[in-house]
Amino acid sequence: MAQKQTPVWLDCDPGHDDAVAILMALHLPEIDLKGISTVHGNASQQNTTHNAARCLLAFGSQEQVRRIPVVAGADKPLIRVVRHDDEIHGEDGLGGVEGLPDKTDAAVVAKLQETKAQTAVLAIAEAARALPDGEQLALVATGSLTNAALFVSLFPDLVRDKVSQIVIMGGAEGRGNRSPTAEFNILCDPHAASIVFDAEVPVVMAPLNITHTAIFQTHDNAALLTPGSALASLAETTPEARASPAKAHTPLRHTLSTLLNFFAATYASVFSFHDGPPVHDPLCIAYLSHPHLFRGERYRVDVELEGKYTAGTTVVDLWEYRKDELVDYKEDPESRKSWGRLGKNVFVLEQLDVPAFWQLFQQTVDAADKVSILNKKT
Ligand SMILES: [Ca+2]
């Protein structure tokens, strides 16, 4: 293999934007996707598990479908009552998406049968342990952080030795999307988020402030429907293009377009995003494959666990009010410990080269087009 790949485990709650994260994790050549686990969040854990398998089967090559496990994880938060987000993702987590295999499809059932006796936390540990000396796993978490919190709590030594970083989509600097100040993934399980943020491992956070810049616009949809060579002849910016899009060139492109346009519709009606939906989760994958497209800064971040109005808020110490408390960071900013409870514990992503991100997305669609089972059906 010519290129050094980053071993990645994706813990997710598909979810429309998680589905895009799965697509990109499968087809960016810099990423070696070792496994997918699921958690409660956008929908119930049963639904997110089915959805992860449906996406893997639809987007992956046959080799990937065989090799990459889909393992179910936590079905509720550590302490809070479970909540889902039908309003944004539809009842089953992937509302409005056409062309994916159904959850009762024999291949989906068979895929999940393989891992029926397994649990996410142990599967992540096994994947980390199985890496050769000198290699480390990057854990990406794009749903509630329940599985990730259990993993870092159960296996601190393994995390120190074999996990390079935990990259999450979640939180925000001074805003929310499911309360005035709380972002959904953190709000679902704030206690888990607090545990993950204080683990002695580099934690990277893609907050709403940056994910809300990664908008899937009309011209991105035009590019999705039609492979690159035909792009010059398409009207790139007309609002009508989304209303009556050109026919997709392949069944896979049709499926992805229905996925992103359902998300566009719910984001327009719920949050008044009229230029297109933000695709939060795949930013974590793009950060691992192309970190130079991002700019960020390391801060102390805490999670508000009890606030009457602010539970689930990520409290990002932009102005270093707490710097005197950061004993481990002051002693040795380079150490693993300095990422923990007494450190600057989170690298917060703040800026993204958005056009370059969408080019990466289109590149993964091109790659998926060549192998997707959706394109092989007659
Ligand atoms: Ca998600």
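This is a predicted model: local features need pLDDT of at least 70, side-chain atom pairs count only at pLDDT 80 or more; totals for chains, interfaces and linings use all residues.
Hi everyone, let me start with a pair of helices: α1 and α15 run roughly parallel to each other. The angle between helix α1, residues 16–27, and helix α15, residues 282–289, is about 25°, and their axes are 7 Å apart. That angle is under 35 degrees, and that is why the pair counts as roughly parallel.

So who is doing the touching? On the α1 side we have D17, V20, A21, M24 and A25, and they meet P282, C284, I285 and A286 of α15. If you sort these contact residues by type, you get 8 nonpolar, no polar and 1 charged.

Now let's move to V140, which sits in strand β4, residues 137–141. Is V140 buried or exposed? It is buried, because V140 has 29 C-beta neighbours inside 10 Å, and 20 or more is enough for that label. Leaving out residues up to four places away in sequence, V140 touches V8, W9, L10, D11, V167, C284 and I285.

One last stop, helix α12, which spans residues 218–225. How many of its residues are buried? The count is 7 of 8, so this helix is mostly covered. The buried ones are T218, D220, N221, A222, A223, L224 and L225.

Notes
Residues are numbered from 1 along each chain as its sequence is written. A residue is buried if 20 or more other C-beta atoms lie within 10 Å of its own, exposed if 12 or fewer, and partly exposed in between; C-beta atoms are placed from the backbone. Helices (H or I, at least four residues) and strands (E, at least two) are DSSP runs, numbered from the N terminus. Axes are lines fitted to C-alpha atoms, for helices over the stretch in contact, and angles run from 0 to 180 degrees between N-to-C directions. Angles under 35 degrees count as roughly parallel, over 145 as roughly antiparallel, 65 to 115 as roughly perpendicular and the rest as oblique. Two residues are in contact if their C-beta atoms, placed from the backbone, lie within 7 Å. Ala, Val, Leu, Ile, Met, Phe, Trp, Tyr, Cys and Pro count as nonpolar, Asp, Glu, Lys and Arg as charged, and the others, Gly among them, as polar.
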